Amino acid sequence: MKIRSIAAAAAIALTLPLAACSSTSGPDAEAAGGTEELTVWIMRDSVSDAYLKRFEKDFEQRHKGTALDIQIQEWDGIGEKITAALAGRDAPDVIEVGNTQVAQYAASGGVKDLTDKVGELAGADWLPGLADPGRIDGKQYGIPWYAANRVVIYNKDLFAAAGITAPPSTRDDWLEITKKLDTGSTQGVYLPGQNWYTLAGFIWDEGGELAEREGDTWKGALHSPEALKGMEFYQRLQALGDGPKDSDEAKPPQADVFAKGDVAQIISVPGGAKIIEQANPALAGKLGFFPVPGDTAGEPGATFTGGSDLIIPEASAHHDAAYQVVKELAGDKWQTDLAKTMSYVPNRTSLAGVIEDNEGTAAMAAAAAHGRATPNSPQWAAVEATNPVKQYMTAVLTGSDPAKAAKEASDKITKTLGS
């Protein structure tokens, strides 16, 4: 998963065509000396074609008699397609899924439990923002593949002009620096009012949650004192720029706003810097990165971790071979290759050093160690579809009582998660 909003919860769509979905060879063919063909679903633009070709060639050379059929899938409509595959008898062998989607698919009962493989896969070292969403009721269904999260992209020239020689080390420092930058025609930070992934990090830093599980049910938690403190910090930071209060970072595209040259900071994935430089080549080489600060000096704040996990359908006819694919994609060699090829954060904290020469990705990796994911409910995608969090944020930023608006949003979340 790239940093993105997960689509609405998938409905079971058994009528979807699933031809060419799983392996074409069966046990009889393998017993007769045929090739064991594994089908692997990878999402479009997650990784490069060159990376996949290198992996396919290496895997087939070292696993004689096994062939990989890697099929690229579109994000649009993928929820329904995967749900249908898991419910059928003709499933692919390995599927890449967004880390926050694992609960949705595991709830169907069609995903293989891989808990007994966690130790072998160095699971104790996994990034929590990838590992936790893949773990449902104590069982590991999703194996972390790669991560990406937001950092602060800043304009080095504007920092220098304001006499700022180093990025902030704490949230309080960040506010002070941003106040200093927010002068004249310069915006200290461009922070749209509905950047709810960023708000989530502030809420987690304060010890709050978007929603909490109580027994077998989930309840919205935006109205807790801790969550309200997170919103208060967001409000103070957002006021140090001219970001709209009623839209998110896509409307207008915040990279285009930053590219005009009068914005000191935005909160974005590091790849946003390339978009900025394309829009304004004069900014090439003038962009810096640092993790969203936390309360403790030198320790990044909590941040939403997006990315992808790998799952194995129960309906796969080749569980052992499918696990070998997952094991290798999640292992040192291909994690290192993936990080360097795609500038992603590897799935394990101990591998962060492989991207330390890339300033943006290194900042992302530092933040990822403190990463979190959205509530691990199968219904969370339905919350994102209507997104009362965004509505709540706009209400507060335009003058509504924070406690009242938070309670209303929490009630909406509770209702959706209980449906």
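This note sets out points on helix packing, aromatic contacts and nonpolar cores.

1. The model is predicted: local features need pLDDT of at least 70, side-chain atom pairs count only at pLDDT 80 or more, and totals for chains, interfaces and linings use all residues. Residues are numbered from 1 along each chain as its sequence is written, and side-chain values use heavy atoms, with hydrogens and water left out.

2. Helix 2 covers residues 49-62, and its 14 residues reach 20 Å from first C-alpha to last, close to the 20 Å expected at 1.5 Å a residue. That expected span is 1.5 Å times one less than the number of residues. Helices (H or I, at least four residues) and strands (E, at least two) are DSSP runs, numbered from the N terminus.

3. Y51, L52, F55, D58 and F59 of helix 2 are buried, that is, under 20% relative accessible area with a 1.4 Å probe and protein chains only, whereas exposed means over 50% and partly exposed lies in between. Seen down the axis, the buried residues of helix 2 fall within an arc of 140 degrees, so they line one face of the helix; the arc is that of the directions from the helix axis to the C-beta atoms. On the other side, D49, K53 and K57 are exposed.

4. The buried residues of helix 2 pack against strand 1 (36-43), strand 2 (66-73), strand 6 (143-149), helix 12 (319-329) and helix 13 (332-342). Y51, F55 and F59 also form one aromatic cluster with W334.

5. Rings of Phe, Tyr and Trp (its six-membered ring) pair if their centres lie within 6.5 Å; planes under 30 degrees apart count as stacked, over 60 as edge-to-face and the rest as tilted. The count comes to 14 aromatic pairs. F202 and F233 form an edge-to-face pair, at 4.8 Å centre to centre and 85 degrees between the planes. F202 lies in helix 8 (residues 196-205) and F233 in helix 9 (residues 225-238), so the pair ties together parts 31 residues apart in sequence.

6. The charged end of R171 sits over the ring of F233, 4.2 Å from its centre. The criterion is NZ of Lys or CZ of Arg within 6 Å of the ring centre and within 35 degrees of the ring normal.

7. The largest nonpolar core has 48 residues, and W174, L222 and Y392 have the most contacts inside it. Such a core is a set of buried Ala, Val, Leu, Ile, Met, Phe, Trp, Tyr and Cys residues joined through side-chain atoms within 4.5 Å. Helix 8 gives the largest share of this core, seven residues.

Note on methods
Contact = heavy atoms within 4.5 Å.
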